[in-house]
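Here is a structure to explore together. Have a look at it first, and then we can walk through it piece by piece.

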Amino acid sequence: MSVYRLNKLTRLAPNMTASGRYTTAMQPQRHNTSHSAQAADSPAGHTAFKTLAITTPKPFVFHVELHRPNKLNAINKQMWLEIKDCFEELSTNPDCRTIVLSASGKHFTAGIDLSDMMNLGQLLADTDDCARKGHILERFIKLYQDSISALELCPKPVITAVHQACIGAGVDLITASDIRYCTQDAFFQVKEVEIGMAADVGTLQRLPKAIGSQSLARELCFTGRRFEAAEAHACGLVSRVFADKESLVSGALALAEQIAQKSPIAVQTTKASMVYSLEHTNQQGLDHIRWYNKLNLQSEDFAQAVAAQLTKDEKPIFAKL
C-alpha cells in the first residue's frame with residue numbers, strides 16, 4: 001500500500017468517526033414472555049416464536065435459545081420451521097452481527113421429536129402409492145435440511161453453546177454453525193443409525209469437515225456411540241470447554257461481542273469466503289475473495305480500521321450493514 005494511500009486513509013477515517021454518522025444507538029433489550037419469546041424488531045416486522053427464546057444481551061449480539069425444556073428441547077416440526085425463519089430474519093437484520101445459539105433446560109437437545117415421526121407415519125398411511133409417499137417424504141426432508149442449513153447460510157457468525165446432551169439432530173445443528181463451545185458434562189451422539197435410518201440433514205456432510213477425520217466421523221456415524229466433551233475437544237468438534245452452563249454462555253456471549261465490534265463487512269465476507277472454500281479448490285476460493293474485495297477494499301470500514309491501526313486511536317465504530 002502506498003504512503004499516499006495511507007495518508008489519505010488517516011485523514012479520512014477521523015472525519016468519519018468525528019461526524020458521528022456511523023454511531024449506533026442500539027441498546028440491549030429482552031423480548032421474553034412467560035410461554036414464548038419474540039424476536040427483536042427488524043425491517044421485516046415482528047415475529048413471535050413458540051419454541052425459541054430470543055434476547056439481545058449486548059449491542060449487535062442476538063442470543064437464540066432452543067425453548068422446549070419440558071421436552072428436552074426435542075426438535076418438532078414447529079421448531080424446525082422456527083429455526084429456519086429465525087436465522088433467515090437475522091440474516092438481514094442490520095442490528096444483528098453475531099448470534100449465540102444455546103438451549104434452556106437440562107439438555108441442549110434430545111434430537112428429533114419422535115412423536116413427529118409418528119405423525120408423519122400416519123400421513124404416509126393415507127396413500128398406498130410409493131411414489132406419492134416418496135413425494136411427501138422429500139418435502140419433509142428438504143424442510144429439515146433447509147432449517148439446519150439456515151445457520152450456515154446466515155452471513156453472521158453463529159456460535160453454538162452446548163450443555164449436557166446433544167443428540168441426533170443436535171449434531172446436525174451445531175455442525176452447521178461457525179464456532180462450537182460446550183460444558184465439561186456435554187456429550188454428543190449421532191443417533192440416527194440406532195433408530196434405523198441414515199442421518200439426512202447435515203451431519204454426514206459436515207461432521208467429517210468439522211473434525212478433519214474421515215475415520216473418526218465414520219466410526220461415530222456407523223456406531224451411534226456417545227462421545228464426551230473431552231473427545232469432542234480433542235478431535236476439534238468444539239474449540240473450548242467450560243466448567244458449567246453459566247460460564248459457557250458467558251464465554252460465548254463475550255466472543256460474540258468481540259466479533260460484533262469488528263467491521264460487519266469484513267466479518268461477513270470472511271465467513272462467506274470460508275464456507276465457499278470448503279467446497280471449492282484453493283484457486284476458486286482465491287477468485288471468490290478477489291471478487292468480494294475489489295469492492296470491499298473501497299469501503300469506509302477499511303479506511304477507518306486502517307487509520308485506527310496507524311494512529312492508535314480508539315476502536316472505530318462501524319455503520320450498520
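What share of the contacts in the chain between residues at least 6 apart in sequence join residues at least 24 apart? The figure is 68%, where contact means heavy atoms within 4.5 Å. Before going further, a word on the source: this is a predicted model, in which local features need pLDDT of at least 70 and side-chain atom pairs count only at pLDDT 80 or more, while totals for chains, interfaces and linings use all residues. Residues are numbered from 1 along each chain as its sequence is written, and side-chain values use heavy atoms, with hydrogens and water left out.

Now for the overall inventory. The chain's secondary structure comes to 12 helices and 12 strands; helices (H or I, at least four residues) and strands (E, at least two) are DSSP runs, numbered from the N terminus. Of the 321 residues, 46% count as buried. Buried means under 20% relative accessible area, exposed means over 50%, and partly exposed is in between, using a 1.4 Å probe and protein chains only.

Let's go inside. A nonpolar core is a set of buried Ala, Val, Leu, Ile, Met, Phe, Trp, Tyr and Cys residues joined through side-chain atoms within 4.5 Å. The largest one here has 53 residues, and L66, F87, F188 and L237 have the most contacts inside it. Helix α4, residues 130-153, gives the most to this core, with seven residues.

Next, the strands. Two of them pair if DSSP finds at least two bridges between them. Look for β9 (residues 179-183), which is mostly covered, with four of its five residues buried. Strand β7 (residues 158-162) runs parallel to β9, and four bridges join the two; along the way, A161 stands opposite Y181. β9 also pairs with β12 (residues 240-242), again in the parallel sense, over three bridges. There, C182 has V241 of β12 as its bridge partner.

Elsewhere you can find an open sheet of three strands, ordered β8-β10-β11, with mixed pairing. Its edge strands are β8 (165-167) and β11 (226-228), each pairing on one side only. From one strand to the next, the twist averages 20°. Strand β10 (residues 187-189) pairs with β11 in the antiparallel sense over three bridges. F188 comes up again here: its bridge partner in β11 is F227.

Follow the chain out of β10 and you get to E192, in the loop between β10 and α6 (203-211). Is E192 buried or exposed? At 9% relative accessibility, E192 counts as buried. Leaving out neighbours within four places in sequence, E192 is in contact with G168, A169, D172, M197, A198 and A199. The C-alpha atoms of E192 and G111 are separated by 9.5 Å, although the two residues are 81 apart along the chain.

Helix α6 brings us to helix pairs. Axes are lines fitted to C-alpha atoms, for helices over the stretch in contact, and angles run from 0 to 180 degrees between N-to-C directions. The axes of α6 and α7 (residues 214-223) come within 8 Å and cross at roughly 140°. These two helices are therefore oblique to each other. As for the cut-offs, angles under 35 degrees count as roughly parallel, over 145 as roughly antiparallel, 65 to 115 as roughly perpendicular and the rest as oblique.

Finally, two loop residues to look up. F60, in the loop between β4 (52-58) and β5 (61-66), has a positive phi of about 70° although it is not a glycine. N73 sits in the loop between β5 and α2 (77-91), and its phi is near 55°, a positive value in a residue other than glycine. F60 counts as buried at 5% relative accessibility, and N73 is buried too, with a relative accessible area of 0%.
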